[in-house]
Amino acid sequence: MKLKLLRNGGAMALAMVAMAAHAQRGDDLKLNQIQIVGTHNSYSQGVDPQIMAMADAIIGPRMSQMAARMPPAARAQYKEYHPNEVSMTEALNYRYGTLSEQLDAGMRSLELDLNRDPDGARFLRPAAYEAAKAKGIAEGQLLPHDKTGLDQPGLKVMHIVDFDVRSSCNLFTACLAELRRWSDAHPNHEPIFILLEAKSDPVPIFPGSKPPLPFTAQAFDEMDADLFKVIGRERIVTPDKVRGAYPTLEAGVKAGNWPSLKDARGKFVFLLLTALDTNGLSGYVGGHPNLEGRAAFLESKPGQSYGAFLLMDNATMRAKEIPELVRQGYLVRARADIETWEAKANDMGRARQAFASGAQIVSTDFYKPGNAYGTDYIVKLPGGGAMRCNPVNAGKACR
């Protein structure tokens with residue numbers, strides 16, 4: 001009996017050593033040698049159906065006219081990011097719980113859309129709600145619109161001002177505080193990638209809609225200050241850490257100077273998108289050609305001095321380019337589904353392509369069962385869990 005216990009104990013000890021060795025191999029991976037799943041517009045609580053119907057009636061004809069007037073090159077670019085003909089109702093046919101609930105479910109990338117409101121109260125009375133009121137629809141007859149913090153100055157988190165405004169955390173700093181609390185409660189968690197989209201493109205669907213305020217260099221300075229203050233500089237993988245002693249950020253990226261997974265655990269990586277606003281690019285890069293001192297990596301193209309993060313949503317169209325760019329060291333975001341079409345069609349083809357491409361971040365609107373179309377469509381990381389070795393560039397480190 002004693003010998004049997006020793007044998008069992010020895011087997012358990014060997015198993016623990018093997019598990020520790022496997023974990024160590026995993027921690028030896030670089031930050032760009034992993035793959036995770038995240039959500040898109042992660043704060044969104046969805047648009048009220050009555051407001052959505054009003055918007056669809058207005059914007060549907062406009063979208064058709066705009067597409068018809070596009071020159072061929074512009075239309076091709078548009079089709080890459082909007083590959084299927086969908087209505088506004090279909091494009092926005094998703095909603096989420098809190099950011100914490102998504103992290104609890106294994107999501108390791110979230111997206112926050114930022115809108116400037118330096119004086120406060122700019123978004124207290126959305127034009128869509130005023131339009132509904134004019135039609136005799138009282139606000140109490142609409143889905144609840146939480147206005148917490150909207151009267152305060154600071155960046156606000158919502159998708160389309162005056163229309164798609166229902167958010168689980170209105171204030172950017174409130175969203176960040178929630179992320180920090182979750183991180184504190186889950187020490188040594190996998191790195192979390194947060195996409196930040198600086199909104200500056202007007203979408204004037206309803207009368208009285210306010211154009212977004214442009215993002216200036218000062219506005220980006222304030223955004224970075226929020227990140228460093230709420231999340232903490234020590235919790236952020238910054239461009240400076242990846243550039244290191246290399247002459248440019250891109251040089252550091254292509255040399256594989258990303259931190260190890262071990263060093264990145266418990267930390268955040270912020271990735272900045274500026275939509276169509278080229279002025280936003282200059283506002284973040286101006287005086288920071290390699291994003292020196294900045295908190296976030298900026299959406300870029302290969303060959304730019306700050307090249308590190310690439311947005312390549314359409315992994316089906318970019319099936320050849322993405323793996324090559326991942327091998328070169330870049331960080332890539334691709335989407336498993338675009339504007340809910342895949343969920344409606346119950347088509348996993350784009351998701352499979354995104355995972356196979358090696359894009360480190362694969363975003364979805366459907367990470368759990370029960371979509372509005374009643375299909376079985378759901379996106380999970382192959383093999384389960386919150387993170388896996390990247391199928392394209394991890395190599396022997398995962399064997």
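This tour visits selected parts of the structure in turn and states what is found at each.

The model is predicted: local features need pLDDT of at least 70, side-chain atom pairs count only at pLDDT 80 or more, and totals for chains, interfaces and linings use all residues. Residues are numbered from 1 along each chain as its sequence is written, and side-chain values use heavy atoms, with hydrogens and water left out.

**Two asparagines**

Most residues other than glycine have a negative phi. Select asparagine 41, whose phi is positive, about 50°, although this residue is not a glycine. Asparagine 41 sits in the loop between β1 (34-39) and α2 (49-69); helices (H or I, at least four residues) and strands (E, at least two) are DSSP runs, numbered from the N terminus. Is asparagine 41 buried or exposed? Its relative accessibility is 1%, so asparagine 41 counts as buried. Buried means under 20% relative accessible area, exposed over 50%, and partly exposed in between, with a 1.4 Å probe and protein chains only.

Next, select asparagine 346, in the loop between α14 (341-345) and α15 (349-357). Asparagine 346 also has a positive phi, near 55°. With a relative accessible area of 36%, asparagine 346 is partly exposed.

**A pair of helices**

Now display helix α7 (residues 172-185) together with helix α8 (residues 217-232). They pack at an angle of about 30°, and their axes are 9 Å apart. Axes are lines fitted to C-alpha atoms, for helices over the stretch in contact, and angles run from 0 to 180 degrees between N-to-C directions. The helices α7 and α8 are therefore roughly parallel to each other, a term for angles under 35 degrees.

**The second largest pocket**

Select Leu92, Asn93, Tyr94, Arg95 and Ala372, which lie nearest the centre of the second largest pocket among its 18 lining residues. A pocket is an open set of points on a 1 Å grid over the protein atoms alone, where a 1.4 Å probe fits, with protein on both sides within 12 Å along at least five of seven lines; lining residues have an atom within 4 Å of a point.

Move to glutamate 299, in the loop between β6 (296-298) and β7 (309-311). Glutamate 299 is partly exposed, with a relative accessible area of 24%.

Isoleucine 338 lies in the loop between β8 (331-335) and α14, and counts as buried at 2% relative accessibility. Its C-alpha atom is separated by 30 Å from that of glutamine 141, 197 residues away along the chain.

Finally, select proline 118, in the loop between β2 (109-115) and α6 (127-134). At 40% relative accessibility, proline 118 counts as partly exposed. Proline 118 and isoleucine 361 are 243 residues apart in sequence and 32 Å apart in space, C-alpha to C-alpha.

Notes
Angles under 35 degrees count as roughly parallel, over 145 as roughly antiparallel, 65 to 115 as roughly perpendicular and the rest as oblique.
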